[in-house]
Amino acid sequence: MDYSAKLDAAIDRLHEEGRYRTFIDIERKNGQFPHAVWTRPDGGSQDITVWCGNDYLGMGQNPVVLQAMHEAIDATGAGSGGTRNISGTTVYHKRLEAELADLHDKEAALLFTSAYIANDATLSTLPKLFPGLIIYSDALNHASMIEGVRRNGGDKRVFRHNDVAHLRELLEADDPAAPKLIAFESVYSMDGDFGPIEEICDLADEFGALTYIDEVHAVGLYGPRGGGVAERDNLAHRIDIINGTLAKAFGVMGGYIAASAKMCDAIRSYAPGFIFTTSLSPAVAAGAAASVAYLKEHPELREKHQELAKALKLRLKGLGLPIIDHGSHIVPVIVGDPVHTKKLSDMLLSEFGLYVQPINFPTVPRGTERLRFTPSPVHGPSEVDHLVQAMDSLWSHCALNRAELAG
């Protein structure tokens, strides 16, 4: 076999479909977020404003977080030195897990190197703990959840997105005695819509199912203390397992689950994705713990974030752009073609110094390609004005002109 030719063919298909992904080389500037410096393909540099980052609240530059990380690295060095079971558990990891358990009002939390791994490892391990487990998964769940469910070897049912009637049909069709788990999200990051948490919890109670919620795009951003949409809606106590990230609103990296002490103990004891992975560095754990603690006490950042998202949506709607608005902080503008989306993204960057990454298949369905803007409290009025003016100019003159965009 000509392995090189096979690789060429696979990459060429992505180019032909207009969805080959390119990495934009940027250097974020501490104290100046959302501003950064872009290293252009010609080797030159250009000042830009980042409009697609997931550091939703700018916590990646918060002095409290940075100080905690500096102190930890000065005290302990760079890495953790091992897996959690073999020399990789430190006071910083335990402190972070305690902060996370408190955030969600759960008995315990379990730290992973990313929320992707947390979802994959947990969902793929649960059938080992509950033989015969049936997992009911929302059709638009994140790839990490889909992968975890796919790999677990158990039975799965996929219900139509946010369709509790369809979920009920699936639950009613299965053996009442079989163990069950319903897996869904609180905020779906591509459209920005909310999961029907209370209705799903009601079904879980009725059919004796466990509940598993991914709050990755909600922790830090919703609820009185940043515990997510479940906390905001006073429903966290009805969720058995909460998945979250430390890499978005908390501005650092890592992922976790929060649940009962028994559940966390069982997952840490049986999940290969936890057992055989080197733990986060102490400095990262220290920074994340500081960020979680800080955001519990600073709801004004969440309020400002929501206000800015609403204002940006209103102004883009005023231009007649096809905005999806479900009331969350996510601001998607549908373009509907991968080539056009990439062209629009490239023009925003090169002509206006505005960076927003195109979102294409398989992240979103074909025909719904989009630009997804993520405003934050560190985006000021001048940054918003510049973005709106740029979108007005490009959309009016060439964003929907196929001949120009294809040229």
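## Strands and packing in a predicted chain

Strand β2 (residues 35–39) and strand β3 (residues 45–50) pair in the antiparallel sense over five bridges. Strands here are DSSP runs of E with at least two residues, and helices are runs of H or I with at least four; both are numbered from the N terminus. Two strands pair if DSSP finds at least two bridges between them. Within β3, aspartate 47 is the bridge partner of valine 37.

This is a predicted model, in which local features need pLDDT of at least 70 and side-chain atom pairs count only at pLDDT 80 or more, while totals for chains, interfaces and linings use all residues. Residues are numbered from 1 along each chain as its sequence is written, and side-chain values use heavy atoms, with hydrogens and water left out.

**The open sheet**

β2 and β3 belong to an open sheet of four strands, in the order β1-β2-β3-β14. The pairing in this sheet is mixed. Its edge strands are β1 (26–28) and β14 (354–355), and each of them pairs on one side only. Strands of a sheet pair through backbone hydrogen bonds, either parallel or antiparallel.

**Two covered strands**

Next, strand β4. All five of the five residues of β4 (residues 108–112) are buried, so this strand is largely enclosed by the rest of the structure. Buried means under 20% relative accessible area, exposed means over 50%, and partly exposed lies in between (1.4 Å probe, protein chains only). Ala108, Leu110 and Phe112 are buried on one side of β4, and Ala109 and Leu111 are buried on the other. In a regular strand the side chains alternate between the two faces of the sheet. β4 runs antiparallel to strand β12 (residues 255–259), and five bridges join the two. Opposite phenylalanine 112 stands glycine 255 of β12.

Strand β7 (residues 180–185) is mostly covered, with six of its six residues buried. Lys180, Ile182 and Phe184 point one way, and Leu181, Ala183 and Glu185 point the other way. β7 has parallel links to strand β5 and to strand β10. Isoleucine 134 has lysine 180 in β7 as its bridge partner. Isoleucine 182 stands opposite threonine 211 in β10.

| Strand pair | Direction | Bridges |
|---|---|---|
| β2 (35–39) and β3 (45–50) | antiparallel | five bridges |
| β4 and β12 (255–259) | antiparallel | five bridges |
| β5 (134–138) and β7 | parallel | four bridges |
| β7 and β10 (209–214) | parallel | six bridges |

**A glycine in a loop**

Glycine 154 lies in the loop between α5 (143–151) and β6 (155–159). At 30% relative accessibility, glycine 154 counts as partly exposed. Glycine 154 and leucine 126 are 28 residues apart in sequence, and their C-alpha atoms are 9.2 Å apart in space.

**The whole chain**

The chain holds 15 helices and 16 strands. Its radius of gyration is 22 Å, close to the 22 Å that the globule rule gives for 407 residues, so the chain is as compact as a globular protein of that length. The radius is taken over C-alpha atoms, and the rule is 2.2 Å times the number of residues to the power 0.38. The C-alpha trace spans about 60 × 55 × 55 Å along its principal axes.

Of the 407 residues, 53% count as buried. Residues 24 or more positions apart account for 70% of the contacts with a separation of 6 or more. A contact means heavy atoms within 4.5 Å.
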